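Please open the structure in your viewer and keep the selection tool at hand. The stops below say what to select next and what is there.

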Amino acid sequence: MMNARADVSDVPVYVVVGGGRAGASAVAAMREANFSGRILLVGAEPYPPYERPPLSKEMLVKPEAAQLTIYPETYYADKNIECLFGGSVVRLDSAAHRLTLASGEEFTFDKLLLATGARARAYPLLDQLGERVFTLRTRDDSERLRSALTPGCRLLVVGGGIIGLEVAASAIALGATVTVIERADRLMARGTPDPLVDILRRLHVEKGVRFELGVTLNGASCSNNGDVLLRAEDGRPFIGDLVVYGIGVELNTELAVSAGLHVENGIVVDEYGRTSRPEIYAAGDAVRQWNPATRHHQRFETWANAQSQGAAVGRSMVTGEPCSMDVPWYWTDQYGHNFQVAGSHEASEWLHRNTGEGFKSTMLGLVDDVVVGAVTIDNGREMRPIRTMIANRFKVTDRALLADPRVDLRKLVECGR
Ligand SMILES: Cc1cc2nc3c(=O)[nH]c(=O)nc-3n(C[C@H](O)[C@H](O)[C@H](O)COP(=O)(O)OP(=O)(O)OC[C@H]3O[C@@H](n4cnc5c(N)ncnc54)[C@H](O)[C@@H]3O)c2cc1C
């Protein structure tokens, strides 16, 4: 842990709390915007900022190929960014511009960015299973799960969201047998287009995953022979060796709440990333940002949002410029296939561009002939022009042309057809 004191200097001091994707992007953007004051990055985890997406994918299946590093450790020293990893901020006095660490150490700041992200939502019914139960948010979680997942092990995945499905796919690759138990009647209840949900469900079933949908659990125990037993409300038992649950997140907003900032399903910020105290900013999973174009506050739990919002807010802290808002976008990798989703999932119609080459395809979501959302499967190169289409509210005039996979979407975007 590097030692850093931000209160002994007369140059402006910007402090970032949270060493995740948003925090890392923010400090980099501050230097890119030529901020010459002191920057202090404080993270509770004992590592420099790292990427979370590989934790449920490569880190489980092929850890030696996983790329976790965001910036090499030398980057922070080169950019004169002071780092304090393994230190939790436990108190924020917004009036005094003072932060207190768990160790009792104190820092003052001129501007502060909260990039505190989220943690896995706890499920006390399952947590009582002790070492047989796993969640997946951190590098430590992933390493612990990796060492427990052995060929032939019977894995019960509770929660059929993206994390649950990625873990299921990784566990199948490692030779486990997998049952996914989901309380809702469909997988990926939030924010995923129906056609993609159907495709993923079929793919998992083909690979041998068993789905139990519409199941509410009300019992969990370990038997003397080491089996884990989960029981559904209707009495049905599910037996396995290990349980992984992914039932959403809890936002790390405690500091913001205790400092009296406006928090309502996330730390509420304006288009500059400013909280209800203008010298305190926030970015990433824990944040609900005002979008002047949609006239709504929006919160996203995606890598792309943490990366671009972190960078935009970091820049805004230096330049005072508003943040530009990107079309929402995320991806998931399962069974060697790449699925990307952009824009709204609430299209009334999906127009398919099937290439005929395996899974490779694109679906464009339309409302009143306007492209509002999209899914690509192993066809990520179409995502950039599609995001431009969504941002420009591209109106479809020739469906046959758009459905033809040989037609280059970049050209359509250029000529606006
Ligand atoms: C397993 C997994 C797989 C994922 N896969 C994908 C994917 O394929 N595609 C995609 O788009 N998104 C994916 N995501 C989501 C994406 O990784 C997150 O949206 C992104 O990491 C959020 O970044 P963040 O910086 O806002 O928050 P976080 O990554 O949560 O970082 C916040 C950091 O702040 C620290 N912190 C919190 N409170 C304090 C405090 N008081 N003091 C000091 N430090 C503090 C935390 O310890 C944490 O390190 C995945 C997430 C997970 C967990």
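Which of the 35 residues around the ligand come nearest? Select Glu45, Arg52, Lys57, Arg137 and Asp285, which are the ones that come nearest, where a residue is near if one of its heavy atoms lies within 4 Å of the molecule. This is a predicted model, in which local features need pLDDT of at least 70 and side-chain atom pairs count only at pLDDT 80 or more, while totals for chains, interfaces and linings use all residues. Residues are numbered from 1 along each chain as its sequence is written, and side-chain values use heavy atoms, with hydrogens and water left out.

Stay with glutamate 45, where a polar side-chain atom lies 2.6 Å from an oxygen atom of the ligand, and then select arginine 137, which has a side-chain N or O atom 2.7 Å from an oxygen atom of the ligand. At valine 89, a backbone N or O atom lies 2.9 Å from a nitrogen atom of the ligand.

Colour the shell around the ligand by class next, and you will find 15 nonpolar, 12 polar and 8 charged residues (Ala, Val, Leu, Ile, Met, Phe, Trp, Tyr, Cys and Pro count as nonpolar, Asp, Glu, Lys and Arg as charged, and the others, Gly among them, as polar).

Now move to tyrosine 50, which counts as buried at 4% relative accessibility (buried means under 20% relative accessible area, with a 1.4 Å probe and protein chains only). Tyrosine 76 is buried as well, with a relative accessible area of 2%, and tyrosine 75 counts as buried at 14% relative accessibility.

Note on methods. Buried < 20%, exposed > 50% of the residue type's maximum accessible area, 1.4 Å probe, protein only. Polar contact = N/O pair within 3.5 Å; in protein donor to acceptor, adjacent residues only side chain to side chain.
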